[in-house]
Amino acid sequence: MPVTVLLVDDEPLVRAGLRAVLGAQSDIEVVGEAADGAAVIPLVRRLRPDVVAMDVRMPLLDGIEATRAVLRTVADPPKILVVTTFEDDEYVYEALRAGADGFLLKRARPAEIVHAVRLVAAGESLLFPASVRRLAERYGDGSGRPARSVLERARLTEREAEVLRLMARGLSNAEIAAGLVVSAETVKSHVSAVLAKLGARDRTQAVIAAYESGFVEPR
């Protein structure tokens with residue numbers, strides 16, 4: 001089954017470009033478009049996309065609030081890929097904190113756009129880990145009390161903590177397995193346990209919590 005994508009951006013040319021790039025892939029299908037975040041929820045409910053590629057800055061409802069709304073009101077929500085002009089934008093970090101699964105630069109090459117959609121849909125790696133680390137260093141000071149409380153209550157095992165640190169470096173399950181000399185299935189179990197204990201919907205949210213709490217240093 002192809003990965004289905006909903007495009008949300010107030011610039012028609014951006015939507016047209018993304019549709020052209022993604023629609024050319026045999027394993028990706030663009031199922032709809034919207035010009036503002038305010039239209040996202042009804043479209044998500046009707047089209048049930050796997051991924052929403054969403055502009056972070058829109059006139060009526062921006063990508064941050066639209067992300068929050070989708071995750072708050074839609075059962076089994078899609079992955080959300082924030083589309084942005086600047087990778088060091090505080091809006092991007094706020095969108096990730098709100099629950100977005102990754103971000104994509106509007107100037108990205110076609111191959112990078114396709115890779116981003118596939119990676120976010122699969123959910124086994126952190127998209128652009130170095131950029132997420134820089135955002136956390138710039139906008140997350142490691143003093144987040146809620147995140148610290150979550151980490152403390154989680155009581156991660158030593159191996160789970162090690163896996164979380166490797167996740168923060170952007171390693172995939174296969175790469176973590178190779179580094180720890182264990183099976184990919186074992187790593188998958190550890191990752192699932194980390195997400196469950198942290199109450200995180202995916203790797204990105206777990207890594208953001210790790211940075212916000214100071215459990216992992218961005219530097």
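**Briefing: loops, helices and cores in a predicted model**

At 39% relative accessibility, Arg-48 counts as partly exposed, a class that sits between buried (under 20% relative accessible area) and exposed (over 50%), using a 1.4 Å probe and protein chains only. This is a predicted model, so to speak: local features need pLDDT of at least 70, side-chain atom pairs count only at pLDDT 80 or more, and totals for chains, interfaces and linings use all residues. Residues are numbered from 1 along each chain as its sequence is written, and side-chain values use heavy atoms, with hydrogens and water left out.

**Two loop residues with positive phi**
- Most residues other than glycine have a negative phi.
- Arg-48 has a positive phi, near 50 degrees, and is found in the loop between α2 (40–47) and β3 (51–55); helices (H or I, at least four residues) and strands (E, at least two) are DSSP runs, numbered from the N terminus.
- Phe-128 also has a positive phi near 50 degrees, and lies in the loop between α5 (110–122) and α6.
- With a relative accessible area of 29%, Phe-128 is partly exposed.

**Ser-131 in α6**
- Ser-131 belongs to helix α6 (residues 129–139) and counts as buried, at 10% relative accessibility.
- Its side chain makes a 3.1 Å polar contact with that of Arg-134; such a contact is a pair of N or O atoms within 3.5 Å, where within protein one must be able to donate a hydrogen and the other to accept it, and residues adjacent in sequence count only if both atoms are side-chain atoms.
- Beyond its neighbours within four places in sequence, Ser-131 is in contact (heavy atoms within 4.5 Å) with Glu-87 and Phe-103.

**Helix α11**
- In helix α11 (residues 203–213), 11 of the 11 residues are buried, so the helix is largely enclosed by the rest of the structure.
- At its start, a side-chain oxygen of Asp-202 comes to within 3.1 Å of the backbone nitrogen of Thr-204.
- Gly-214 follows α11, with a positive phi near 85 degrees.

**Nonpolar cores**
- The largest nonpolar core has 55 residues, and those with the most contacts inside it include Leu-164, Ile-176 and Leu-198; a core is a set of buried Ala, Val, Leu, Ile, Met, Phe, Trp, Tyr and Cys residues joined through side-chain atoms within 4.5 Å.
- A second, separate core has 22 residues, among them Val-5, Leu-7, Ile-113 and Ala-116.
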